Amino acid sequence: MQIILLWMTILSSAAQTVYDVTAAGAVGNGITDDAEAIQRTIDRCSQEGGGRVLLPRNHTFLAGPIELKSNVELYLEATATLKANPDESIYKLSAFGENRGEGMLWLWANHAENISIAGKGTIHGNGIAFMGAELSDSYELKPLKDQTFDPRPHVLTLTDVKNLTIRDVTIKEGAYWTVHLIGCDEAVIDGINLLNNLKIRNGDGIDLDHSKHVRIANCHITSGDDCICLKNRREFEQYGSCHDITVTNCVMSSRSCAIKIGSENMDSIYNVVFDNCIITGSNRGLGIQNRDEGTVTDVVFSNIQLDCRLWSDVWWGKAEPIYVTSYPRANGNHKDANWRFPKGQIEGKCGEVSRIYFNNITATSENGCFVGGDVAGKVSDIFFNNVRVRLLGEGSRSMDKRPCKGEGFIKADLKAMKAMKVPLVTENATVTIE
């Protein structure tokens, strides 16, 4: 039986058509822009029914924007690198449609199916090349010149993709968001190393936006901004809710919030499980930051080890290991009302957060947990079972409500838990102070 299975595997592998990008003229010397040759290869592979587009080992393929297509596996052999061209002028397609103020597309796909990105090679976002001066806690953002858009490229933006796999690759040094799934259905992200520079602002790791049936497992993620974030951005409201998400066996570190839901949420987020994860050196650990009219319900955090540290106010968070909030964001103006608020409005609302479960959580932190809402009942049914917080330090701290109407920080005595207008259900919750 084993011999038969092995032979079937060999036949399956042999049947896959391989398209080597160097055969289409890609040089891979790290200097020549190979985007045109890589795009020709992808287009041919998809048109001929699909297969593997191969980036062979011992090459660095510098490239501008590339569109991925249906039935294509982009495969990077070990020691192969696909690196973003640092020329800002070549990035012209917005990552957020009509909202051109938050970065451009580099590797992207629209309305496709059966896309895979795999191999032991590296996708390099060349992030520092798009930054300004290095500061003690971050990089400055370059001032915009004559353009009306932010030219920083997002690494990988996949919109309305059905049956997606990202496996084994290393993705590093993003200049903006790194892996952004918009309206995707049936996605697996497994065994990747996503290693962003901790000083790059907006350097999110994985953003699941209006996506469903997504499984993330066995990943190592470092990011200046959120490591894994679930949301429903207004620019993509046609794709509906974000639901049926599992995240397991991941190790994360962030200067913002390692695991976050929100802040953008104009629909609903539900049926979500985060399990068996380790978070180190983060500015916030587990966060629900609802700032729009959408709802967050039926979320489980379990078997998680947290280590939170205070970083600067450049990053949202005050070392809260657990953070569950719903507050309306600050009023906007007519310019940003096009996307932060419902069309024609400059004032928003915040929705229900309920049935949130924290089980078997162990945290060491320089601050306590914070649970709050703008009115009584907005945040409800928050359950803590076997949650242990070891506080470092003494005296007073502040909790970070940003982005919100009014004051962004709340002064509070250092304690394991601060709740505002929220009843809590706790079992076996303990705290020690050192």
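Select Phe-274 to begin. Leaving aside neighbours within four places in sequence, this residue is in contact with Ile-228, Leu-230, Val-247, Ile-259, Ile-261, Val-299, Val-300, Phe-301, Ser-302 and Ile-304. The model under view is a predicted one.

As a general rule, nonpolar side chains in soluble globular proteins tend to be buried together.

**Aromatic rings**

Return to Phe-274 and display it with Phe-301, Phe-358 and Phe-384; together they form one aromatic cluster. Across the whole structure, a search finds 8 aromatic pairs. For one of the pairs, select Tyr-91 and Phe-130: the ring centres are 5.9 Å apart and the planes stand at 75 degrees, so the pair is edge-to-face. Tyr-91 belongs to the loop between strand 7 (81-84) and strand 8 (94-96), and Phe-130 to the loop between strand 10 (122-124) and strand 11 (153-167); the pair thus links distant parts of the chain, 39 residues apart. Both Tyr-91 and Phe-130 are buried.

Next, select Phe-96 and Phe-236. Their ring centres lie 6.0 Å apart with the planes at 40 degrees, so this pair is tilted. Here the link spans 140 residues, from Phe-96 in strand 8 to Phe-236 in the loop between strand 19 (228-232) and strand 20 (242-248). Phe-96 counts as buried because its relative accessibility is 1%, and Phe-236 is buried at a relative accessible area of 8%.

Arg-255 lies over the face of Trp-311, at 3.5 Å from the ring centre. Arg-284 lies over the face of Tyr-323, also at 3.5 Å from the ring centre.

**Parallel strands**

Select residues 295-308 and 353-365. These are strand 25 and strand 27, which run parallel and are joined by 11 bridges. Within this pairing, Val-300 stands opposite Tyr-357 of strand 27. Ser-354 has Ser-380 in strand 29 as its bridge partner.

**Backbone details**

Most residues other than glycine have a negative phi, and most peptide bonds are trans. Which peptide bonds are cis here? One runs from Gly-262 to Ser-263, with omega near 0 degrees; Ser-263 is placed in strand 22 (residues 257-265). Another joins Arg-402 and Pro-403, with omega about -10 degrees. Pro-403 is found in the loop between strand 30 (396-400) and strand 31 (409-413).

Then select Asn-71, whose phi is positive, near 65 degrees. Asn-71 sits in the loop between strand 5 (66-67) and strand 6 (72-76) and is partly exposed, with a relative accessible area of 29%. Glu-173 has a positive phi as well, near 55 degrees. Its loop lies between strand 12 (170-172) and strand 13 (179-182), and Glu-173 counts as buried at 17% relative accessibility, because the limit for buried is under 20%.

**Confidence**

Finally, colour the chain by pLDDT. The chain average is 91, and 91% of the residues score at least 70. Over residues 1-14, however, pLDDT stays under 50, and the model has 0 contacts beyond four places in sequence for them. Where pLDDT is low, the predicted coordinates should not be read in detail.

Conventions. Residues are numbered from 1 along each chain as its sequence is written. This is a predicted model: local features need pLDDT of at least 70, side-chain atom pairs count only at pLDDT 80 or more; totals for chains, interfaces and linings use all residues. Side-chain values use heavy atoms; hydrogens and water are left out. Rings of Phe, Tyr and Trp (its six-membered ring) pair if their centres lie within 6.5 Å; planes under 30 degrees apart count as stacked, over 60 as edge-to-face and the rest as tilted. Helices (H or I, at least four residues) and strands (E, at least two) are DSSP runs, numbered from the N terminus. Buried means under 20% relative accessible area, exposed over 50%, partly exposed in between (1.4 Å probe, protein chains only). A charge sits over a ring if NZ of Lys or CZ of Arg is within 6 Å of the ring centre and within 35 degrees of the ring normal. pLDDT is the predictor's confidence in each residue, from 0 to 100. Contact means heavy atoms within 4.5 Å. Two strands pair if DSSP finds at least two bridges between them.
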